[in-house]
Amino acid sequence: MKKIIIVFICLLFCVSGFSQSQIDVRLGFTASFLGGDYNHQTLRAGGLGGITGDIHLGDGVWYLRSGLLYCTKGGIQDISEYGYKQSFCMNYLELPFQVALKFGSKNRKRFCAAYGIFWGYGLAGKMSCNNSDLTTNLFGDEQGDFYKFDVGEHFDFGVNCNRVYIGLSFSQGHKNILRYTEASSTARTRSLSLNLAITLKKFD
């Protein structure tokens, strides 16, 4: 986790050295589930928040986007034939790296499409069941069901009007975070989010 924070701080200094770059504060809502062998799932609602920066690449419309985000992921597994539901809730600190394309009026409305990768570190995670008071620590150092580290790809599309950005994004983890795979089972994070970003600082 320390490495993620150090990289983020270095990126903030980099943003200030490029013209037409900016720093944003980002908030949003997430709907997530676990991909892989976790069937009969419904979406779990959550949230995200953090700071992102766009570094302008040359004189064109391309940008490098990164930042530090706190987000909630997980899912709800509904096994109705057995009469129980399992709820998975994981809190991640994520470091994204994206290439963004911005097109449209520079002074008014601009559309933005971005694609890239992310690294995630699980801060806390638990699994609970509706027919039991017991909860499971998903990110235990040696006995947890899930690995703390995650990596995957991230898609983003939205519109920027002056200093306000509204967008939709989808992220999917490629790492099998399930620690115990005796039966070749898999679990991968999936998340859809609605984002609102406000520009804190622009560098001309």
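Colleague: Where is Thr199, and how do you know that this is a strand?
Modeller: Thr199 sits in strand β10. A strand is a DSSP run of E with at least two residues; a helix is a run of H or I with at least four; both are numbered from the N terminus. This is a predicted model, in which local features need pLDDT of at least 70 and side-chain atom pairs count only at pLDDT 80 or more, while totals for chains, interfaces and linings use all residues. Residues are numbered from 1 along each chain as its sequence is written, and side-chain values use heavy atoms, with hydrogens and water left out.

Colleague: Why is Thr199 called buried?
Modeller: Its relative accessibility is 6%. Buried means under 20% relative accessible area, exposed over 50%, and partly exposed in between (1.4 Å probe, protein chains only). Therefore Thr199 counts as buried.

Colleague: What does Thr199 touch?
Modeller: Leaving out residues up to four places away in sequence, Thr199 touches Gln22, Ile23, Asp24 and Arg163. Contact means heavy atoms within 4.5 Å. Ile51 is 148 residues from Thr199 in sequence, yet their C-alpha atoms are 9.7 Å apart.

Colleague: How do you know that β1 and β10 pair?
Modeller: Two strands pair if DSSP finds at least two bridges between them. Strand β1 (residues 21-36) has 16 bridges to β10, and the two run antiparallel. In one of them, Ala31 is partnered with Leu192 of β10. β1 also pairs with strand β3 (residues 44-56), antiparallel, over 11 bridges. There, Thr30 has Gly46 as its bridge partner.

Colleague: What makes β8 and β9 a hairpin?
Modeller: Strand β9 (residues 164-173) pairs with β8 in the antiparallel sense over 10 bridges. Phe155 stands opposite Phe170 in β9. The two strands form a hairpin with 2 residues between them. Cys112 is paired with Gly158 in β8.

Colleague: What makes a set of residues the largest nonpolar core?
Modeller: A nonpolar core is a set of buried Ala, Val, Leu, Ile, Met, Phe, Trp, Tyr and Cys residues joined through side-chain atoms within 4.5 Å. The largest here has 14 residues, and Tyr38, Phe88, Met90 and Phe146 have the most contacts inside it. Strand β5 (residues 84-104) gives this core its largest share, 3 residues. Another core lies apart from it, with 6 residues, among them Tyr63, Ala100, Ala114 and Tyr165. Beyond its neighbours within four places in sequence, Phe146 is in contact with residues including Leu34, Phe139, Ile177 and Ala187.

Colleague: Why is the link of Asp54 with Arg65 called a salt bridge?
Modeller: A salt bridge is a side-chain nitrogen of Lys or Arg within 4 Å of a carboxyl oxygen of Asp or Glu. The closest N and O atoms of Asp54 and Arg65 are 2.9 Å apart, a salt bridge. This pair links distant parts of the chain: Asp54 is in β3 and Arg65 in strand β4 (residues 62-79), 11 residues apart. Asp54 has 1% relative accessibility and so is buried. Arg65, at 4%, is buried too.

Colleague: Which salt bridge joins Asp156 to Arg65, and what is its N to O distance?
Modeller: Their side chains meet at 3.6 Å. Asp156 is in β8 and Arg65 in β4, 91 residues apart. Asp54, Arg65, Lys102 and Asp156 are linked in a network of salt bridges. The structure holds 4 salt bridges. Another is Lys73 with Glu94, at 2.6 Å.

Colleague: Which elements make up the protein?
Modeller: There are 1 helix and 10 strands. Buried residues make up 46% of the 204 residues.
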